[in-house]
Amino acid sequence: MVQDPDRSALWLFQPLKPVQTTEDGPLCGLTFAVKDNIDVAGWPTTAACPAFAYTAPAHAGVVQKLLDAGASLHGKTNLDQFACGLNGTRSPYGAVPNAINPLYVSGGSSSGSAYVVATGQVHFALGTDTAGSGRVPAGLNNIVGLKPSRGLISARGVVPAAQAVDCVSIFATTVARAAQVLAASLGHDAADPYSRALSLASAPFGAHFRFGLPASPEFFGDGVARTAFDEAVQRLKDLGGEAVPIDFSVFSACADMLYGSALVAQRYEAIRSFFDAHEAEVMEPVRSIVGAGRPYSAADLVAAQTRLAALAQQAEPLWRGIDLMVVPTAPTHHTIERMRADPVVLNRQLGAYTNFVNLLDYAALSVPSSIRPDGLPFGITLIGRCGSDWQLAELGQRYHHATGLTQGATGLPLPEPQPIAGLTLAAPPRVRVAVVGAHLSGMPLNGQLTERGATLLSRTHTAPVYRLYALPGTTPPKPGLLRVVPGEGERIEIEVWDMPLSEYGSFVALVPAPLSIGSLLIADGSSVQGFLCEPLALQGAADITHLGGWRAYLATTEPTRLAFP
């Protein structure tokens, strides 16, 4: 067994030979890593503090379950010391860089686990999540972070951060993989005082769902992130969602309690005996954060718990009429240099949409959403009530595959969506696509739809906010659809097709510039995915809006071309 010093910022421990106990089971063939606050028998557990290190006498409960399911363990990864931080720079073994841009933070505290998944070194990895450590690194590295309902996965053999709200979390490049690992690792463990036998919802949210989102979201001046979130909201609408703005102040107040009240005493209690004897061995700002929990009395803690219960009561009515909440996984992204210069304030920003989740006993799933114009990943988090884990996974998979993103930093395309364990789905997920020109029934490119299993849903019109142009020099001839301000457009004839979501990415890849796929408003007031055109390409193009559609235009030029049913 050796530790590779050249990779110590990522891997804190790697054995000469991976650990595998069986070559059978649902996870056979999959490799994984664990955050180094999770015990593996015979390996050191450091929690990124050398003075704290000990050799684990047994596997953590979740590690044993994964090995029994056939997965092979390849090592332990770096973290923010004692899982205290959301940025990945608080380790004596070095900062873990972002997998996409190494000048930026990876997110933490499960920084190393996210990095080795995003770069394809293992199939999945375990982290922990108290205040967002299983979600922020996922959002900042273009991967999936599944934070299960509290107590669903045993935390026996995990160095606690705040034991009453800690969760073991799962990183993967796809939702299906994360859900597969969850299915293999969940289960009640009487040796974990906070383990629970939970009944998980088995029905998906469905084709039409209502999602709450902050009425006034905060991005700390990051306009690019704000635009990315707006685009995410629109994509959810395109998938059948209805956005419901909610007052987020109760959740922000709850989040502030994690470190701004006697609840921080849980951080101190988790490592009290070590901290009292070796306080100088704990690095800043972890030392100050943990030490802040020391002066509180038992009465202070009871008062804080009562305040938290009151906030939970205030939050409850906000769930009436929504199926889930959707927030940015992280509202902005910081460089390592900037984070080190202002480690407390900037770290707090990263937790703006994560700190309250475990305190209020919710489940959460972070999924990639887009790559920003500056090249940085942007993710969103789906938040549901306790026990909504499979529901979040089903919707999260639909959303992730609608983005067309690749896996982590690997450049590999997403595989086909897979059934989510624990759910009964009537049919594989599908997406509606509106076509306006050469993809119409009987037109030259219609085969690109039919060969992907798409079926015609309706012949209808756009909302009256578009103009249609005949693009010069295109083969086969194609129109360009441009959205304009109300009052300057007309209704344009379209067809709406229903396509398997698994085929959508390959279809979009065929769309040539200056055409693109975006959100299209149709006559009934709903929106679908559809063809749009870059305004610059319309210079010299004939405006054919008055004809009402592409078929009518072709009838004025080459009537014999028409061959639709």
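## Strand β5 and its partners

V34 stands opposite K76 in strand β5, and K76 is also the bridge partner of F13. The two contacts across the strand belong to two pairings: β2 (residues 31-35) runs parallel to β5 and is joined to it by four bridges, while β1 (residues 11-13) runs antiparallel to β5, with two bridges between them. Strands count as paired here if DSSP finds at least two bridges between them.

β5 covers residues 72-77, and five of its six residues are buried. Buried means under 20% relative accessible area, exposed means over 50%, and partly exposed lies in between, with a 1.4 Å probe and protein chains only.

## About the model

Please keep in mind that this is a predicted model, in which local features need pLDDT of at least 70 and side-chain atom pairs count only at pLDDT 80 or more, while totals for chains, interfaces and linings use all residues. Residues are numbered from 1 along each chain as its sequence is written, and side-chain values use heavy atoms, with hydrogens and water left out.

## The chain as a whole

The protein chain contains 17 helices and 23 strands. Its radius of gyration is 25 Å, close to the 24 Å that the globule rule gives for 565 residues, so the chain is as compact as a globular protein of that length. The radius is taken over C-alpha atoms, and the rule is 2.2 Å times the number of residues to the power 0.38. Along the principal axes, the C-alpha trace spans about 90 × 50 × 45 Å.

Of the 565 residues, 58% count as buried. The accessible surface comes to about 21,400 Å², and carbon and sulfur atoms hold 53% of it; these areas come from the Shrake-Rupley method with a 1.4 Å probe, and for residues only the protein chains shown count as cover. Among contacts between residues at least 6 apart in sequence, 75% join residues at least 24 apart, where contact means heavy atoms within 4.5 Å.

## T46 in its loop

T46 sits in the loop between β3 (44-45) and β4 (54-55). At 8% relative accessibility, T46 counts as buried. Its side chain makes a polar contact with the side chain of D36 at 2.5 Å and reaches the backbone nitrogen of A48 at 3.0 Å. A polar contact is a pair of N or O atoms within 3.5 Å; within protein, one must be able to donate a hydrogen and the other to accept it, and residues adjacent in sequence count only if both atoms are side-chain atoms.

Leaving aside neighbours within four places in sequence, T46 is in contact with L12, D36, F52, A53 and Y93.

Helix α4 (residues 175-185) is mostly covered, with eight of its eleven residues buried: V175, A176, A178, A179, V181, L182, A184 and S185. Their cover includes α1 (61-68), β6 (124-129), β7 (144-147), β8 (167-172), β12 (362-371) and α14 (389-403). After α4 comes G187, with a positive phi near 145 degrees.

I420 lies in the loop between β15 (412-413) and β16 (430-435), and at 3% relative accessibility I420 counts as buried. Outside the four places on either side in sequence, I420 is in contact with V175, A176, A179, W390, A393, E394 and Q397.

## Helix α5

Helix α5 (residues 223-238) has 16 residues and reaches 23 Å from its first C-alpha to its last, close to the 22 Å expected at 1.5 Å a residue. That expected span is 1.5 Å times one less than the number of residues. At the start of α5, a side-chain oxygen of D222 comes to within 3.2 Å of the backbone nitrogen of V224.

The buried residues in α5 are A225, A228, F229, A232, V233, R235, L236 and D238. α5 is followed by G240, which has a positive phi near 110 degrees.

## A three-stranded sheet

An open sheet of three strands has the order β19-β18-β23, with antiparallel pairing. Its edge strands are β19 (479-483) and β23 (542-543), each pairing on one side only. β18 (residues 466-470) and β23 pair over two bridges, and A470 stands opposite A542 in β23.
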